[in-house]
Amino acid sequence: MAKTVKKPVLSVKNLSVEIPTRQGILTPVDQLSFDIEQGKILGVVGESGAGKSMTGNAVIGLLDPPAHISGGEIRLKGKRIDNLEREALRKVRGKEIGMVFQDPLTSLNPLLPIGEQLTETILEHLPVNKNEAQERAIAALEEVGIPAAAQRINSYPHEFSGGMRQRVVIALALCAEPSLVIADEPTTALDVSVQAQIIALLKRLCRERGTAIMLITHDMGVIAETADEVAVMYAGRLAELGPVRNVLTSPTHPYTQGLMASTPLAAKGKKRLSQIPGAMPRLTDLPFGCAFHPRCPIAKDKCRSDPAPTIEAGGGKAACWYVNGEKS
Amino acid sequence: MANAFKDTVIRAWKSDFMWSFRRTPVAIASFVVALLLIMGAVLAPLIAPHNPFDPATLNLMNGFSAPMEPNQFTGETFWLGTDDQGRDVFSTILFGMRISLFVGFAAVAFAMTLGVTLGLIAGYVGGWVGALIMRIADVQLTFPGILVAMLIFGIAKGFTPIDQRDEMAIWVLIIAIGLSEWVQFARVVRGATMVEKNKEYVQAARLNGRRSAGIMLRHILPNVLGPVLVIATISLALAIIAEATLSFLGVGAPPTQPSLGTLIRIGQGFLFSGEWWIILFPSITLLALALSVNLLGDWLRDVLNPRLR
Amino acid sequence: MLAFAIRRAFQSFIVLLVVGLVAFSMFNFVGDPIDNMLGQERTDADIERLRTQLGLDQPFPVQYYRFLEGAVQGNFGISYRQGRPVSEVISERLPATLELAFVSAVLAIIFGVALGVFTAIRRNGWAANTIMTLSLIGVSLPTFLIGILLIYLFAVELGWLPSFGRGDVVDLGWWRTGLLTQSGLKALILPAITLGLYQMTLIMRLVRSEMLEVLRQDYIRFARARGLKDKSVYFRHALKNTLVPVITVTGMQLGAIIAFAIITETVFQWPGVGLLFINAIRFVDIPVMAAYLMLISVMFVSINLIVDLLYFAIDPRLRIEKSGSGK
């Protein structure tokens, strides 16, 4: 496969998402920026409600109204996609960006054979006839490791196990050969024994095709195993972004540090796990300044009054007034 | 004393129930319309300018007076006009509504009593008795209520001697409509009873040696009142429409005791000859009555028991 | 699936037996048909002659046997009021009712589903909101008032359409149809709308709420995420998943249409079995009532059976498990 090119497949700059509600405007995603290069995997981590899924939905243009993109831009292979017309955006979905959802039990239409769901997607995006689409569908199922794909193409979703269904979902996401796949918690709903297989499958397929992946998860273990880079989100904002090794071993943002100290995998060797005091604030009552300051061990007056700037740190970026403790 | 009363009123006003009521203009409007209509029916003998059933006050010369226009022979003016026999339409509507509402309320009361009793028995006693009751309910539910009511009306009519049929018609109507609507009550009460009867407090009452009937009335019944009230309101709208429909078809209230449906049936005969008011005003009244009770029932269902949806 | 079908058929059979018992009891215990047929002025000879003619002089078991034997052959005796065999009276009127019910059902289903989908997709649009508000009034509006309103508008004021009757009919030998003549079709329009409107409203509201429920499902999001066209998402993926509950209710509504035809037929003086039935009730013509009851029960039960079998055609999950785990 082609060598990694410098130009990113996905480039998100200052992305903000707003939801107007009765209690005022909520900002579940605030000034978020990141890039993903061809064939690379970006892990997006954070607690539930941190804005990870909202970011994924914003990129693929599937925000549920009244949520909407209120600022920033999203570029796919250099082309802006955040301001596309409905119909143009639809053509990007599935063709340029594939998506894998959390629960394979509910992601597939129970009343249509999986083959039909595959061929309708292929016919929608690729210039092929019905027979070719059928062949491609079988090939796609074989690629994701469905045994006897040609015979099972007319089976219904309920005739497959959970792991097999997630393989079908991956086949569906990849069948039009997108350059980016957004995988939103792809293993959370699966048995532990199957999780590793699915992750390995996703990783192998993308490496072979040079597909970039945005892997949304709250599982640090999955990130450690899979991702090239990791973006840590907190209360809708980017806390830290950097190569996975750096972030896991020497995190610079206090939140990431706390997160690592509380993760069994990363905290290996230490005697006991620590925990971050308090809970992530709700979007309806975000604190002034840095959203993390009420829980931050090193918070100062500045943190309470002004939002933290995003600065270069530890080979990546971090949003903190006092990256690496007291230094800056 | 007065303060305690005031407190109660204030507390009731501030309850969720009232809060929802005040926030729902449709509910307020429906309530006001329904209340006005019911008041009109109850106070009909006091309000009505004429007594349409007293032949002595009728003057055939007043027949077919248009609304708000002086009659060409007698010079009398009627708000909503008169019918062919010179009866004041406004008065006949008030008295007709009396009959419609009486049949409606009585039929629902009958259906409720029957349904709640059978539902309690089916849920609490269970066994073959319960199974039999629910099987009958299932079979009856296969058929639309109006058809069941018609059939029961026909059968009951067969039982009454010919010369008493007109007098008995109202009561037959009540029984027929009531019997066509008990199933909903029975189903809900049975379901709730089966849940409640296994709860600790009922078990405790049972261990204390309370009798089944006592347990059912004292402990289980209060728990199912919410859904029962919702069904009763919706049933009332259905019963009013059913009564009007049967009477309109000529198998309900007799011409001697005309309900709204009977009035519309009579008015239909004048549709082609241009006396539109004879049919229009009873129709509007019926629509207002059915719609307001229906909307009220809808709102009650949302507030009291969202699960019923 | 076969076991399920057999069990359902058996249940249907029980229902029919119960209804048959009701019908027979009506024959035997309700009123005195002689009273009903002869007025106040009657002679003993008249009474005796009629008793023999109607078979009412026979002992109870003989009458019971006669009823069962007759019912199976579609023979319900002689109408008290018309003095003709009930089967003859009903069969000459049945086509009128079936044509009316069929056209109304088709209208109700087509418009009900279409409007239901429309109001679900354009959930907050003004058109959808207007339709929903109107439908609430539609549910509260008694059928006969709708009929009268239509008559007033289109027959009295505009004079476009006939207000009563069936128009000219064509005799096909065993079926007299009004669908082949212009006047027959014109006469059908108002009654069909009157009869279908209420059912259409119900179907529309049901399709809408089911559709909204389905549109929230993950597989719809996934279908969108795969870039499928709206048309495909709504009609191929969403609509099919709403069909199971919709078919249940629609099936029951089809039965209701035949019953509600009684009202429409009275308003429009449509010469069908419904009008026959209402007149039978007014004159306590028990044989006609009993026959109508049996006829309509057979229809209801058959419709329910067909609905149950339709589930298997739509939902593949049911084909494997023996009984439905879904709704």
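Two strands are taken as paired if DSSP finds at least two bridges between them. Strands (E, at least two residues) and helices (H or I, at least four) are DSSP runs, numbered from the N terminus.

This is a predicted model, in which local features need pLDDT of at least 70 and side-chain atom pairs count only at pLDDT 80 or more, while totals for chains, interfaces and linings use all residues. Residues are numbered from 1 along each chain as its sequence is written, and chains are lettered from A and ligands numbered from 1 in the order in which they are written.

## The sheet of chain A

Chain A holds an open sheet of 8 strands with mixed pairing, in the order β6-β7-β8-β3-β9-β10-β12-β11. Its edge strands are β6 (97–100) and β11 (310–313), each of which pairs on one side only. From one strand to the next the twist averages 20°.

| Strands | Bridges | Direction | Opposite residues |
|---|---|---|---|
| β6(A) and β7(A) | 4 bridges | parallel | A:Ile97 and A:Leu180 |
| β7(A) and β8(A) | 5 bridges | parallel | A:Leu180 and A:Ala212 |
| β10(A) and β12(A) | 2 bridges | antiparallel | A:Leu241 and A:Lys317 |

Burial is judged from C-beta atoms placed from the backbone: a residue is buried if 20 or more other C-beta atoms lie within 10 Å of its own, exposed if 12 or fewer, and partly exposed in between. In β7(A), 5 of the 5 residues are buried, so this strand is largely enclosed by the rest of the structure. In a regular strand the side chains alternate between the two faces of the sheet. Both faces of β7(A) are covered, with A:Leu180, A:Ile182 and A:Asp184 buried on one side and A:Val181 and A:Ala183 buried on the other.

β7(A) also belongs to a right-handed β-α-β unit, together with helix α8 (residues 192–209) of chain A and β8(A). Right-handed here means that, with the strands pointing away from the viewer, the path from the first strand over the helix to the second runs clockwise.

Helix α1 (residues 52–60) of chain A lies across β3 (41–45), β6, β7 (180–184), β8 (212–216) and β9 (229–234) of the chain, and runs at about 150° to β7(A). Such angles run from 0 to 180 degrees between N-to-C directions, and the axes are lines fitted to C-alpha atoms, for helices over the stretch in contact. Two residues are in contact if their C-beta atoms, placed from the backbone, lie within 7 Å.

## Positive phi values in chain A

Most residues other than glycine have a negative phi, and most peptide bonds are trans. A:Gln31, in strand β2 (residues 24–37) of chain A, has a positive phi near 55°. This residue counts as partly exposed because 17 C-beta neighbours lie inside 10 Å. A:Ala148 is in the loop between α5 (130–143) and α6 (149–152) of chain A, and its phi is positive too, near 50°. With 10 C-beta neighbours inside 10 Å, A:Ala148 counts as exposed.

## Chain C

Chain C has 13 helices and 2 strands. Of its 327 residues, 42% are buried. Among contacts in this chain between residues at least 6 apart in sequence, 70% join residues at least 24 apart.

Helix α10 (residues 230–267) of chain C has 38 residues, but its end C-alpha atoms are only 43 Å apart, short of the 56 Å that a straight helix would reach. That expected span is 1.5 Å times one less than the number of residues. A kink of about 45° lies at C:Val244, shortly before the proline C:Pro245. The bend at a residue is the angle between axes fitted to the seven residues ending there and the seven starting there. After α10(C) comes C:Gln269, with a positive phi near 45°.

C:Val207 lies in helix α8 (residues 182–215) of chain C. This residue is buried because 27 other C-beta atoms lie within 10 Å. Beyond its neighbours within four places in sequence, C:Val207 is in contact with C:Gly112, C:Val113, C:Gly116, C:Val117, C:Thr242 and C:Val246. C:Val207 and C:Gly116 are 91 residues apart in sequence, yet 4.9 Å apart in space, C-alpha to C-alpha.

Between chains, 30 residues of chain C are in contact with 33 residues of chain B. The elements giving two or more residues to this side of chain C are α1 (2–29), α6 (126–140), α7 (143–157), α10, α11 (273–282) and α12 (286–314). The largest share, 6 residues, comes from α7(C).
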